[in-house]
Amino acid sequence: MAQYSAQLDGVFVALADPTRRWVIRRLGDGPTSVGDLARDVPMTLPSFMKHVRTLETNGLIRTTKNGRVRTCVLNRERLALVDDWLAEQRRVWEERTDRLERLVTDQQETQQ
């Protein structure tokens, strides 16, 4: 569980930045070169590469180099960590609201 938590923490840290979220959205359309991605953001290439490394380090993207071109590919499986965590949170909160609803309904029935 601790390793799962560390992985999830890394994914959330990576997704905390709007530039990195934009890269994830963009790669949802398919693999793209770092150069093409960098052209669309208002920063220097070295600064942008820090974002790419953060995404890659946390497993959200993979990069391959062919000659001078580095291509980024979205790792959709890694996003499943977030989906699983959100599903668990949704289940917990639905159970809580269901219990609250039963409590309120029971109190209303008792008062009648």
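Q: Is Arg91 buried, partly exposed or exposed?
A: Go by relative accessible area: under 20% is buried, over 50% is exposed, and partly exposed sits in between (1.4 Å probe, protein chains only). Arg91 comes out at 37%, so it counts as partly exposed. Bear in mind that this is a predicted model, where local features need pLDDT of at least 70 and side-chain atom pairs 80 or more, while totals for chains, interfaces and linings use all residues. Residues are numbered from 1 along each chain as its sequence is written, and side-chain values use heavy atoms, with hydrogens and water left out.

Q: Which residue forms a salt bridge with Arg91?
A: Side chains of opposite charge can pair when their charged atoms come close. Here Glu88 pairs with Arg91 in a salt bridge (a Lys or Arg side-chain nitrogen within 4 Å of an Asp or Glu carboxyl oxygen), and the closest N and O atoms are 2.4 Å apart. Glu88 has a relative accessible area of 35%, so it too is partly exposed.

Q: How far apart are Glu88 and Arg91 in helix H5?
A: Helices are DSSP runs (H or I, at least four residues), numbered from the N terminus. Glu88 and Arg91 are three residues apart in H5, so about one helical turn separates them. H5 spans residues 76-111 and also holds Trp85, which is partly exposed because its relative accessibility is 32%.

Q: How many salt bridges does the structure hold?
A: Two. Look at Asp36 and Arg39, whose closest N and O atoms are 1.9 Å apart. Both lie in helix H3, three residues apart, about one turn of the helix. Asp36 is partly exposed because its relative accessibility is 34%, whereas Arg39, at 60%, is exposed.

Notes:
Helices (H or I, at least four residues) and strands (E, at least two) are DSSP runs, numbered from the N terminus.
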